[in-house]
Amino acid sequence: MEMKGKTVVITGGANGIGAVAAELFGKNGAQVAIIDYNEVAGEKVASEMHAKGIEAAFFKMDVANGVEVKEVASKVLEHFGKVDVLINNAGITRDAMLLKMEAETFQQVIDVNLTGVFNCTKAFLPAMLAAGKGKIINTSSIAGTGGNVGQTNYAASKAGIIGMTKTWAKEYGRKGINVNAVAPGFIETNMIGTIPEKVMEQIKLMTPYIRLGRPDDIAKAYLFLASDAADFINGTVLEVDGGMLK
């Protein structure tokens, strides 16, 4: 899964799965555009990658802001000259049971998780079409495939990502663009930090491996789908959940 000479754009690349993915792609020869709203964390990741001899650059961006996304996409293309892979990894949670969920909270998650994917794909796709080839990987979730208590907004956004993924695969497959999604299970990141320990132990028991997933488990799935080895995979949703019982 050699990525030498390829430019990879990763949203939400300043921490968690995104940061691990950025380093993994860099170690496999890619030059990486790290995009995130957190400037301090993003610059730190890029600096650490530079220290390891990896070509990377950080770009601050709010994926929910369509105008800003277009501006930053132009900067990325100016800096690297092209984009071969777009990984729409950025996402947030604002959990609450339905009757306690405010409309504003619902919309915040939709804006980042769903509209953000729309904004970024629309901004970077033209460069891929001009090149005649590209890979787009969208981050869904098992909440998007099966729902999850207390996550009406998150589940809706992640289910929407699956719909967009399959639509874009049909629209642009003939143009040489592969569009796929990865649906992580419960992964050891800050996003699940609010889950009580007792509940966490129950979650682990639902997985045959009796553990949570690690960020590198998802990063490796990204790497596979971005590689030439996955050239005939299009419109699929790759569940990376350890075989979690549903």
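Trainee: What should I know before we start?
Mentor: Residues are numbered from 1 along each chain as its sequence is written, and side-chain values use heavy atoms, leaving out hydrogens and water. This is a predicted model, where local features need pLDDT of at least 70, side-chain atom pairs count only at pLDDT 80 or more, and totals for chains, interfaces and linings use all residues.

Trainee: How far apart are the end C-alpha atoms of helix 3?
Mentor: Helices (H or I, at least four residues) and strands (E, at least two) are DSSP runs, numbered from the N terminus. The expected span is 1.5 Å times one less than the number of residues. Helix 3 has 15 residues, so it should span 21 Å, and the distance between its end C-alpha atoms agrees: 21 Å.

Trainee: Which residues of helix 3 are buried?
Mentor: Buried means under 20% relative accessible area, exposed over 50%, and partly exposed in between (1.4 Å probe, protein chains only). On the other side of helix 3, V67, K70, K75 and E78 are exposed. The buried ones are V69, V72, A73, V76 and F80.

Trainee: Which residue forms a salt bridge with D228?
Mentor: A salt bridge is a side-chain nitrogen of Lys or Arg within 4 Å of a carboxyl oxygen of Asp or Glu. For D228, the closest N and O atoms of the pair are 2.8 Å apart. The two residues lie 222 residues apart, with D228 in the loop between helix 8 and strand 7 and its partner in the segment before strand 1. That partner is K6.
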